[in-house]
Amino acid sequence: IAKKKSSMRHSEIALARHVTEEGRGLVVVVNKMDLLKGKENAKLRERVMDAVPEEVQKILPQVTGIPIVFISALEGKGRAAVMRKVIESYDKWCVRLSTARLNRWLRKVMARHSWKDQAQGPRVKYLTQVKARPPTFVAFVAGSTELSDTDLRFLTNSLKEDFNLGGIPLRILQRTIERKRKDSPKISSPKKVKLSKASSTVPSDKRDSVSSL
């Protein structure tokens, strides 16, 4: 890592990209940190710990905040940290946010975005989560156009920052809200009233017949 321009091999890069494209969480583990022990390697160790996150972010720009753990398998150091990051990533991957909570958050986000200055542009009316693993959201958009890549990136980064969802892929789908047309009022047809039929049977006039003797 210290001597090469790239710390990840081609197969590792391909695997990392495949993991994120499939919507899975990713934890990067850097081994053999025991080779950089001692005061004479302090600057080199610091350089490595700065270079790896930058390289990971460059390779996977669509996923920010991927956890990176530096370990030494030979000395058994860092194993607990790896499992802790794996569990944290899994919990984020399974997270579910209520629609009410999302839309309270959305109102605050809209206030600090350039949407407030775009009268004719697309606007997110409300947001809801439709599934987890990975967290997938649907943005209901009003306007003649869809959200741009910049708008989607802003929403994604804001979700990760405000709900602590960094390190896992998020997906935001768009649904367009059709504007209501002013149609002519519909005249409802009169309701048919069912009249109950009166009973047509008339009670018979039974008279006692007197037999003549």
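The tour goes from the whole chain to one helix, then to the cores, and ends in the loops.

This is a predicted model, in which local features need pLDDT of at least 70 and side-chain atom pairs count only at pLDDT 80 or more, while totals for chains, interfaces and linings use all residues. Residues are numbered from 1 along each chain as its sequence is written, and side-chain values use heavy atoms, with hydrogens and water left out.

Begin with the protein in cartoon view, where the secondary structure comes to five helices and five strands, in the order α-β-α-β-α-α-β-β-α-β along the sequence. Here helices (H or I, at least four residues) and strands (E, at least two) are DSSP runs, numbered from the N terminus. Of the 213 residues in the protein, 34% are buried, where buried means under 20% relative accessible area, exposed over 50% and partly exposed in between, with a 1.4 Å probe and protein chains only.

Next, select residues 10-21, which form helix α1. Which residues of α1 are buried? They are I13, A16, V19 and T20, and they lie on the same side of α1 because they cover an arc of only 125° around the axis, the arc being that of the directions from the helix axis to the C-beta atoms. On the other side of α1 you will find H10, L15 and E21, which are exposed.

Now show the side chains of W105, F137, L155 and L159, which have the most contacts inside the largest nonpolar core, a set of 20 residues. A nonpolar core is a set of buried Ala, Val, Leu, Ile, Met, Phe, Trp, Tyr and Cys residues joined through side-chain atoms within 4.5 Å. At least two residues of this core come from each of α4 (99-111), β3 (123-131), β4 (136-142) and α5 (149-162), and α4 gives the most, with five residues. Apart from this core lies another, of 17 residues, including V19, V52, L60 and I66.

Finally, turn to the loop between β3 and β4, where R133 is found together with P134. The peptide bond from R133 to P134 is cis, with omega near 0°, and R133 has a positive phi of about 55° although it is not a glycine. Most residues other than glycine have a negative phi, and most peptide bonds are trans.

Terms used
The expected span of a helix is 1.5 Å times one less than its number of residues.
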